[in-house]
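Please read these notes with the model open beside you.

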Amino acid sequence: MRPFDLDLLRSFTVAMASGSLSEAAPHLCRSQSALSEQLRKLEAFAGVTLLERGKKGVRPTPAGERLMVHARELLAMSDRALEDVRGVTFAGELRLAITDYFLPVSIAELLKQLRLRYPRLRLHVSVRKSMQIESGADAGDFDIGLSMRILDGRSLPEGIPVRREALHWVSAMGSEPRNEEDGALPLLVLPQGCSLQRFTRETLGAHKVPYVIAHSASGVAGLQSALMAGLGVACLNASAVPVGAEICRPAFPLPALPDVEFSLLPARTGESDLVGAVREMLASKFGGMSDKSLK
């Protein structure tokens, strides 16, 4: 029996993680048509349908989901074997500070992949506000930081961009976001110190949109819960929009929103080769994860 082609498996896993061939193709340095042909070859080899194609992108069939489990393990083993032959060792402790706006539904899967690929690397993850990550870069209490930056035309500090996403005004599906008493927009926010929530309030104020703080959550998970409970409207990046939410359509127009960029903080003087190597690897891994965008 012939073995699986690892190149085809890699294309399959990236396509399934991205959710669409158009998004996956650049990560694989291929055209969309070439990627589609690779997936057809994989299905022909397996003898079963592995993915469903539709207007909203692609998703794995039950057989495809089973293959995903094996594919990740095979690819991780292949990467480890190559690194071992080359004498590359990812071992030791590494501290990662990350904003919780980043791929909330996918970050656990990413950490699982890192564990499979680098079983000797002990990765400690802390969730912080982007402003804290940016300002604490030189404090030495984390090795690698990933923050979210708003692309509103202002100059940004140095960083390594890994992902760009749209911002949306969102509410629970079917809800009518307005305050019962005065018709103001019921806004869901995080506490002071969150740059996105500060930007949200400044933007509404600049466009003279009436709003009231309907709920304040301690983190993005709490914000999502309040959103799905129908308590109001939130400003969220695409990958943080939960299933069951939709772009809100209030009785009055809301201002247009810019994109956001997720960036890894640049290398620091005197950091170890391990930190630099893991940062480079994370940059490529993060860019291939699905953003679960609203369609």
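1. Aromatic pairs. The structure holds two aromatic pairs. To count, rings of Phe, Tyr or Trp (its six-membered ring) must have centres within 6.5 Å; planes under 30 degrees apart are stacked, over 60 edge-to-face, and the rest tilted. This is a predicted model: local features need pLDDT of at least 70, side-chain atom pairs count only at pLDDT 80 or more, and totals for chains, interfaces and linings use all residues. Residues are numbered from 1 along each chain as its sequence is written, and side-chain values use heavy atoms, leaving out hydrogens and water.

2. Phe-4 and Phe-45. This pair is edge-to-face, at 5.2 Å centre to centre and 65° between the planes. Phe-4 sits in the segment before helix H1 (6-18) and Phe-45 in helix H3 (residues 32-46), so the pair ties together parts 41 residues apart in sequence. Helices (H or I, at least four residues) and strands (E, at least two) are DSSP runs, numbered from the N terminus. Phe-4 counts as partly exposed, at 34% relative accessibility. Phe-45 is also partly exposed, at 29%. The cut-offs: buried is under 20% relative accessible area, exposed is over 50%, and partly exposed is in between (1.4 Å probe, protein chains only).

3. Phe-102 and Phe-262. Here the ring centres are 4.9 Å apart and the planes stand at 70°, so this pair is edge-to-face. Phe-102 belongs to the loop between strand E3 (92-98) and helix H5 (107-117), and Phe-262 to strand E11 (residues 259-264), so the link joins parts 160 residues apart in sequence. Phe-102 is buried, at 2% relative accessibility. Phe-262 is buried too, at 0%.

4. A charge over a ring. Which ring does the charged end of Arg-268 sit over? It is the ring of Phe-142, with 5.8 Å to the ring centre. The test is NZ of Lys or CZ of Arg within 6 Å of the ring centre and within 35 degrees of the ring normal.

5. The structure holds 12 salt bridges. Each is a side-chain nitrogen of Lys or Arg within 4 Å of a carboxyl oxygen of Asp or Glu. One of them joins Glu-23 and Arg-163, with closest N and O atoms 3.5 Å apart. Glu-23 lies in helix H2 (residues 21-27) and Arg-163 in strand E6 (residues 160-172), so parts 140 residues apart in sequence are tied together. Glu-23 is partly exposed, at 24% relative accessibility, whereas Arg-163 is buried, at 8%. Glu-23, Arg-163 and Glu-165 are linked in a salt-bridge network.

6. Two further bridges. Asp-259 pairs with Arg-164, at 3.1 Å between the closest N and O atoms. Asp-259 is in strand E11 and Arg-164 in strand E6, so this bridge ties parts 95 residues apart in sequence. Asp-259 counts as partly exposed, at 26% relative accessibility. Arg-164 is exposed, at 57%. Glu-271 and Arg-279 also meet in a salt bridge, at 2.7 Å from N to O. Glu-271 is partly exposed, at 23%, and Arg-279 is buried, at 5%.

7. Nonpolar cores. The largest nonpolar core has 51 residues; Tyr-101, Trp-169, Leu-196 and Leu-236 have the most contacts inside it. Helix H9 (residues 273-286) gives the most to this core, with five residues. Apart from it lies another core, of 21 residues, including Phe-12, Leu-51, Val-58 and Leu-75. A nonpolar core is a set of buried Ala, Val, Leu, Ile, Met, Phe, Trp, Tyr and Cys residues joined through side-chain atoms within 4.5 Å. Beyond four places in sequence, Leu-236 is in contact (heavy atoms within 4.5 Å) with residues including Tyr-101, Ala-166, Leu-223 and Pro-242.

8. Ser-263. Buried or exposed? Ser-263 is buried, with a relative accessible area of 0%. Ser-263 lies in strand E11. Its side chain makes a polar contact with the side chain of Glu-261, at 3.0 Å. Such a contact is a pair of N or O atoms within 3.5 Å; within protein, one must be able to donate a hydrogen and the other to accept it, and residues adjacent in sequence count only if both atoms are side-chain atoms. Leaving out residues up to four places away in sequence, Ser-263 touches Gly-145, Ser-147 and Ile-160, among others.

9. Val-243. This residue lies in the loop between strand E9 (234-237) and strand E10 (245-247). Val-243 is exposed, with a relative accessible area of 84%. The C-alpha atoms of Val-243 and Met-173 are separated by 9.3 Å, and the two residues are 70 residues apart along the chain.
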